[in-house]
Amino acid sequence: MTEKKILRQNIAQLKTKLTSSQKTNDANKVFSIIEKSKCFNDCNNILIYHSLPDELNTALIIEKWHHSKQLFLPRVNHNDLDIIKYDPKSIMIGSYNIIEPIG
């Protein structure tokens, strides 16, 4: 087994030990840093994706900013990724059980 595969397994195991509130707190800390950055504040268009359950919850930042910035999300289209403007009324569960835009 490669070192990279072992490392991924160890990280996956550690992530299972995090509580829901720990994940939310960690996501809020990360997004707070991002939101304070000049790059984030200067841009109007943001490419982001809906996270998987074991990742930082990007739904938090999507919900917070979709009214004031244009957010774009990827959608799996066979072997390609389409980039679609986010509309909270036009989303579905897509490939890999990730929330994706319809369009």
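**Reading charged and aromatic pairs**

Author: Lys64 counts as exposed, because its relative accessibility is 51%; here exposed means over 50% relative accessible area, buried under 20%, and partly exposed in between (1.4 Å probe, protein chains only). The model is predicted, so that local features need pLDDT of at least 70 and side-chain atom pairs count only at pLDDT 80 or more, while totals for chains, interfaces and linings use all residues. Residues are numbered from 1 along each chain as its sequence is written, and side-chain values use heavy atoms, with hydrogens and water left out.

Reader: How many salt bridges does a search of the whole structure find, and which side chain meets Lys64 in one?

Author: Side chains of opposite charge can pair when their charged atoms come close. The term salt bridge is used for a side-chain nitrogen of Lys or Arg within 4 Å of a carboxyl oxygen of Asp or Glu. The search finds four salt bridges, and one of them joins Lys64 to Glu35, with 3.2 Å from N to O. Because Glu35 lies in helix α2 (residues 20-36) and Lys64 in helix α4 (residues 59-65), the pair ties together parts that are 29 residues apart in sequence; helices are DSSP runs of H or I with at least four residues, strands runs of E with at least two, numbered from the N terminus. Glu35, at 15% relative accessibility, counts as buried.

Reader: What separates Asp42 and Lys38 in helix α3?

Author: These two are four residues apart in helix α3 (residues 38-42), and therefore about one helical turn lies between them. In another salt bridge, Asp82 pairs with Arg75, the closest N and O atoms being 2.7 Å apart, and Arg75 counts as buried at 14% relative accessibility.

Reader: Which rings form the aromatic pair, and at what angle are their planes?

Author: A pair of aromatic rings is described by the distance of the centres and the angle of the planes. Rings of Phe, Tyr and Trp (its six-membered ring) pair if their centres lie within 6.5 Å, and planes under 30 degrees apart count as stacked, over 60 as edge-to-face and the rest as tilted. The search finds one aromatic pair: the rings of Phe40 and Trp65 have centres 5.0 Å apart and planes at 75 degrees, so the pair is edge-to-face. Phe40 belongs to helix α3 and Trp65 to helix α4, 25 residues apart, and both residues are buried.
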